[in-house]
Amino acid sequence: MNNIIEIKSIYTININEFYGSSSLSSNKYKNKSEMYKVLLIDQDYSDYLFKEIYDLQLQGYITIVLYPEKLTDIFNNIDEINKFLDAGCFFILD
């Protein structure tokens, strides 16, 4: 069962803000920006989702969960967000 509806790469992150270097070449910029993956999670996600996130992280990606506060399980029990934090995810909140 696939818990992730959509995965997007981010190409518009200003890497200088994250890495503090103004001398990044365009190739290095593209390589570093492609390491972020934005995940849109299905409302009925299962714990298998965290294996999928782990697999992405093993491939070298930094995972960012899009709008976790809109997921029913998290909305009903805010402690559920700790599972994502423990998995090393970042968030984009609406």
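Colleague: How many aromatic pairs does a search of the whole structure find?
Modeller: Three aromatic pairs turn up when the whole structure is searched. Keep in mind that this is a predicted model. One of the pairs is Tyr-45 with Phe-50, which is edge-to-face, with 6.5 Å from centre to centre and 85° between the planes.

Colleague: Are those two buried or exposed?
Modeller: Tyr-45 counts as buried, at 8% relative accessibility. Phe-50 also counts as buried, at 15%.

Colleague: And how do the rings of Tyr-45 and Phe-84 sit?
Modeller: Their centres are 5.6 Å apart and the planes are at 65°, so this pair is edge-to-face. Tyr-45 is in the loop between strand 2 and helix 3, while Phe-84 is in helix 5, so the pair ties together parts that are 39 residues apart in sequence. Phe-84 is buried, as is Tyr-45. Taken together, Tyr-45, Phe-50 and Phe-84 make one aromatic cluster.

Colleague: What else does Tyr-45 touch?
Modeller: Leaving out residues up to four places away in sequence, Tyr-45 touches Asn-3, Phe-50, Leu-71, Asp-73, Ile-74, Glu-80 and Phe-84.

Colleague: Which residues touch the most other members in the largest nonpolar core?
Modeller: Those are Ile-41, Tyr-45, Leu-49, Ile-53 and Phe-84, in a core of 15 residues. At least two core residues come from each of strand 2, helix 3 and helix 5. Helix 3 gives the largest share, four residues.

Colleague: Why would such residues sit together?
Modeller: As a general point, nonpolar side chains in soluble globular proteins tend to be buried together. For this protein, buried residues are 31% of the 94 residues.

Colleague: Let me back up. What pattern does the protein follow along the sequence?
Modeller: The pattern is β-α-α-β-α-β-α-α-β. That comes from five helices and four strands. As for contacts between residues at least 6 apart in sequence, 72% of them join residues at least 24 apart.

Colleague: New topic, charges. How many salt bridges does a search of the whole structure find?
Modeller: Four salt bridges are found. One of them joins Lys-83 and Asp-47, where the closest N and O atoms are 3.6 Å apart. Lys-83 is in helix 5 and Asp-47 is in the loop between strand 2 (36–41) and helix 3 (49–58), so they tie together parts that are 36 residues apart in sequence.

Colleague: Is Asp-47 buried or exposed?
Modeller: Asp-47 counts as exposed, with 53% relative accessibility. Lys-83 is partly exposed, at a relative accessible area of 33%.

Colleague: Which residues are linked with Lys-83 in a network of salt bridges?
Modeller: Asp-47 and Glu-80 are linked with Lys-83 in that network.

Colleague: Where do Asp-55 and Lys-51 lie?
Modeller: Both are in helix 3, four residues apart, which is about one turn of the helix.

Colleague: What does Lys-70 do with Asp-94?
Modeller: Their side chains form a salt bridge, at 2.7 Å from N to O. Asp-94 is in the segment after strand 4 (90–92), and Lys-70 is in the loop between strand 3 (62–66) and helix 4 (72–76), so the pair ties together parts that are 24 residues apart in sequence. Asp-94 counts as exposed at 65% relative accessibility, whereas Lys-70 is partly exposed at 44%.

Colleague: And which ring does the charged end of Lys-70 sit over?
Modeller: The ring of Tyr-67, at 4.5 Å from its centre.

Colleague: Last thing, confidence. What is the mean pLDDT of the protein?
Modeller: The mean is 77, and 68% of the residues reach 70 or more. Across residues 11–26 the pLDDT is below 50, and this stretch has 21 contacts in the model beyond near neighbours in sequence.

Colleague: Where is confidence lowest, and where is it highest?
Modeller: Helix 1 (residues 15–19) has the lowest, with a mean of 43, and helix 5 (residues 81–86) has the highest, at 93. Where pLDDT is low, the predicted coordinates should not be read in detail.

Technical notes: Residues are numbered from 1 along each chain as its sequence is written. This is a predicted model: local features need pLDDT of at least 70, side-chain atom pairs count only at pLDDT 80 or more; totals for chains, interfaces and linings use all residues. Side-chain values use heavy atoms; hydrogens and water are left out. pLDDT is the predictor's confidence in each residue, from 0 to 100. Contact means heavy atoms within 4.5 Å. Buried means under 20% relative accessible area, exposed over 50%, partly exposed in between (1.4 Å probe, protein chains only). A nonpolar core is a set of buried Ala, Val, Leu, Ile, Met, Phe, Trp, Tyr and Cys residues joined through side-chain atoms within 4.5 Å. Rings of Phe, Tyr and Trp (its six-membered ring) pair if their centres lie within 6.5 Å; planes under 30 degrees apart count as stacked, over 60 as edge-to-face and the rest as tilted. A charge sits over a ring if NZ of Lys or CZ of Arg is within 6 Å of the ring centre and within 35 degrees of the ring normal.
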